[in-house]
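Please view the sequence and the structure first, and then read the points below.

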Amino acid sequence: WLEVDKFLGHVKREEAFSSDNQARDTYPVFTVGSSRSLGEAVQKLVALRTHRLWIVENSMSPSGVISITDIMKLLTPPE
């Protein structure tokens, strides 16, 4: 398996050869620090209009991911 950044780099290289490429980043990666609160993460998700944030340590190394689906599971009572 490829690391996430290498996978995205591979995808971007493939798209670079596409005739409809407008030299834009089609796969932005958004992060949130691991010491930030859930409320701050939700605010960032909303502000960026994205589905997920990579959780990063101080060294900017990823330690996890949080998504809107994760948050909804937390807020939704079990059936």
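**Nonpolar core**

The largest nonpolar core has six residues: V32, A41, L45, L53, I66 and I71. A nonpolar core is a set of buried Ala, Val, Leu, Ile, Met, Phe, Trp, Tyr and Cys residues joined through side-chain atoms within 4.5 Å. Buried means under 20% relative accessible area, exposed means over 50%, and partly exposed lies in between (1.4 Å probe, protein chains only). This is a predicted model, in which local features need pLDDT of at least 70 and side-chain atom pairs count only at pLDDT 80 or more, while totals for chains, interfaces and linings use all residues. Residues are numbered from 1 along each chain as its sequence is written, and side-chain values use heavy atoms, with hydrogens and water left out.

**Overall fold**

- The protein chain contains three helices and three strands; helices (H or I, at least four residues) and strands (E, at least two) are DSSP runs, numbered from the N terminus.
- From the N terminus on, the order of the elements is α-β-α-β-β-α.
- Of the 79 residues in the protein chain, 15% are buried.

**Around the core**

- In soluble globular proteins, nonpolar side chains tend to be buried together.
- Residue L45 of the core touches T50, H51, R52, L53, I68 and I71, not counting residues up to four places away in sequence; contact means heavy atoms within 4.5 Å.
- S67 belongs to strand β3 (residues 62-67) and is buried, at a relative accessible area of 10%.
- Leaving aside neighbours within four places in sequence, S67 is in contact with H51 and R52.

**Surface**

- The protein chain exposes about 6600 Å², and carbon and sulfur atoms supply 57% of this area; accessible areas come from the Shrake-Rupley method with a 1.4 Å probe, and for residues only the protein chains shown count as cover.
- A nonpolar patch on the surface is formed by L38, V42, V46, I68, M72, L74 and L75, with about 650 Å² of accessible area together.
- Patches are made of residues with over 30% relative accessible area and no salt bridge, where like charges are joined within 9 Å and nonpolar side chains (Val, Leu, Ile, Met, Phe, Trp, Tyr) within 5 Å.
- Helices α2 (38-48) and α3 (68-75) each supply at least two residues of the patch, and the largest share, four residues, comes from α3.
- I68 lies in helix α3 and counts as partly exposed because its relative accessibility is 35%.

**Salt bridge**

- The count comes to one salt bridge, defined as a side-chain nitrogen of Lys or Arg within 4 Å of a carboxyl oxygen of Asp or Glu.
- E40 forms a salt bridge with R36, and the closest N and O atoms are 3.5 Å apart.
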